[in-house]
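Visitor: Can you walk me through this one? I would like to start with the annotated sites and then look at a pocket.
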Amino acid sequence: MPARFATIGVAGAGAWGTALANAAARAGRSVVLWGRDPQAIQAMRRSRANEAHLPGVELAAAVAPTADLADLGDCDAVLLVVPAQASREVAGALTHHLREGTPLVTCAKGIERGTELFMTQVLAQACPHAVPAILSGPSFAADVAAGLPTAVTLAARDAGLAEALAAALGSSSFRLYHSDDVRGVEIGGAAKNVLAIAAGIVGGRRLGASAGAALVARGFAELMRFGKAFGARAETLTGLSGLGDLILTCSTPQSRNYSLGLSLGRGEGLHPSGQLAEGALTAGVLVAMAGERGIDMPIAAAVEAVLAGRSDIEQAIGSLLARPQKAEA
Ligand SMILES: NC(=O)C1=CN([C@@H]2O[C@H](COP(=O)(O)OP(=O)(O)OC[C@H]3O[C@@H](n4cnc5c(N)ncnc54)[C@H](OP(=O)(O)O)[C@@H]3O)[C@@H](O)[C@H]2O)C=CC1
Ligand SMILES: O=C(CO)COP(=O)(O)O
């Protein structure tokens, strides 16, 4: 009998899509890796590498790059690995190609601006005949591509499907835990990026390791409040995709979100590199959703105010430190 999920499609040939394609190949799958730029795909075929997004990493032999979205049509499951704000567009294009019931696993971390929808909700609208799922957790593309040990969570409403997908994609170095708490997994990934910008600001301002730890703990309290208000389970929020990813991205300039905050904290302004920092795009919608529901998220709100230019760093830090002292909750 052929293995379940023998062929995996990856829609999005950036850093994370390329790393996940290699990880799926390492797990024994045949992989079709789609990217929108035919020239970049041609170069990838020739060099067996993705120098633009993931330099120095050789593409696994089982990965077939393509610029034709129709090539994903025969895949048994597809990972959607484009930025959060592009996910609706690409999922919509996939509707013309995917078979009924194909699992479509978002690997993006964000909330859609304008609609206030989480990633699997976007997929359900844009590609209604696919089955939405999500993969998220503490995992830098470069680490996964290098085969360093990483662990993430894969969630689907159907626990059996989540387990089967996790089994198909996992290997000894890329460990996948499974869950049916889809909402919890997508909230952790979206919120931690905003909080990582705050952690970077603390680092860039040289406020000290103690302030950094306080920021992570109080930021996590915000993530928990937001998650619980949207029905996420506490054990998910304290797991890999919540606390785990928050710790990772709040601790190193390897994170593009932390690095954006670092640059702001040093007074160098927004990233000159043009790298994707999802937290900058999620901050506004996250804070708006919290505000509509009366969820207290002062750190996320301070990040949003700085990014929107309504507050400078000193004002933002001052307003956080001036908050009344209260019971820890
Ligand atoms: N990098 C990482 O370590 C991790 C990233 N993630 C998440 O994965 C998602 C993608 O990030 P990442 O791969 O790092 O980002 P990159 O910037 O490396 O790559 C983004 C990719 O998406 C493509 N893309 C952008 N817009 C569109 C569009 N409208 N249609 C089709 N393709 C598009 C880009 O194409 P082009 O090259 O042509 O611009 C590029 O190939 C983000 O949500 C991120 O938070 C999650 C875990 C780890
Ligand atoms: O989500 C990530 C690691 O889990 C990647 O973080 P950055 O997007 O901040 O680089």
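Guide: What follows takes the annotated residues, a pocket and a few other positions in turn.

Guide: This is a predicted model, where local features need pLDDT of at least 70, side-chain atom pairs count only at pLDDT 80 or more, and totals for chains, interfaces and linings use all residues. Residues are numbered from 1 along each chain as its sequence is written, chains are lettered from A and ligands numbered from 1 in the order in which they are written, and side-chain values use heavy atoms, with hydrogens and water left out.

Visitor: Which residue does UniProt list for "active site"?

Guide: Lys192, from an unreviewed entry. UniProt positions are in the numbering used here, feature names are shortened, and annotations may be inferred rather than shown by experiment.

Visitor: Where is Lys192 found?

Guide: In helix H7, residues 182–204. Helices (H or I, at least four residues) and strands (E, at least two) are DSSP runs, numbered from the N terminus.

Visitor: Is Lys192 buried or exposed?

Guide: Lys192 counts as buried because its relative accessible area is 4%. Buried means under 20%, exposed over 50%, and partly exposed in between, with a 1.4 Å probe and protein chains only.

Visitor: What is Lys192 in contact with?

Guide: Leaving aside neighbours within four places in sequence, Lys109, Leu223, Asp245, Leu246 and Thr249. Contact means heavy atoms within 4.5 Å. The Lys192 side chain also makes a polar contact of 2.5 Å with the side chain of Asn193. A polar contact is a pair of N or O atoms within 3.5 Å; within protein, one must be able to donate a hydrogen and the other to accept it, and residues adjacent in sequence count only if both atoms are side-chain atoms.

Visitor: Where does UniProt place "binding site"?

Guide: At Trp16, Arg36, Lys109, Ala141, Arg256, Leu276 and Glu278, again from an unreviewed entry. They are spread over 263 residues of sequence and also in space, up to 22.5 Å between C-alpha atoms.

Visitor: Is Arg36 buried or exposed?

Guide: Arg36 counts as exposed because its relative accessibility is 75%. Arg36 lies in the loop between strand S2 (30–34) and helix H2 (38–47).

Visitor: And what about Leu276?

Guide: Leu276 counts as partly exposed, at 31% relative accessibility. Leu276 is in the loop between helix H11 (256–265) and helix H12 (278–292). Beyond four places in sequence, Leu276 is in contact with Pro83, Arg256 and Leu281.

Visitor: Now the second largest pocket. What volume does it have?

Guide: About 780 Å³. Of the 27 residues lining that pocket, the closest to its centre are Arg218, Ile299, Leu320, Leu321 and Arg323. On a 1 Å grid over the protein atoms alone, a pocket is an open set of points where a 1.4 Å probe fits, with protein on both sides within 12 Å along at least five of seven lines, and lining residues have an atom within 4 Å of a point. Points are joined across faces, edges and corners, and a volume is the space filled by probe spheres set on them.

Visitor: Which element gives the most to the lining?

Guide: H8, with six residues.

Visitor: One more. Where is Thr18 found?

Guide: In helix H1, residues 15–26. Thr18 is buried, with a relative accessible area of 2%, and a polar contact of 2.8 Å joins its side chain to that of Asn50.
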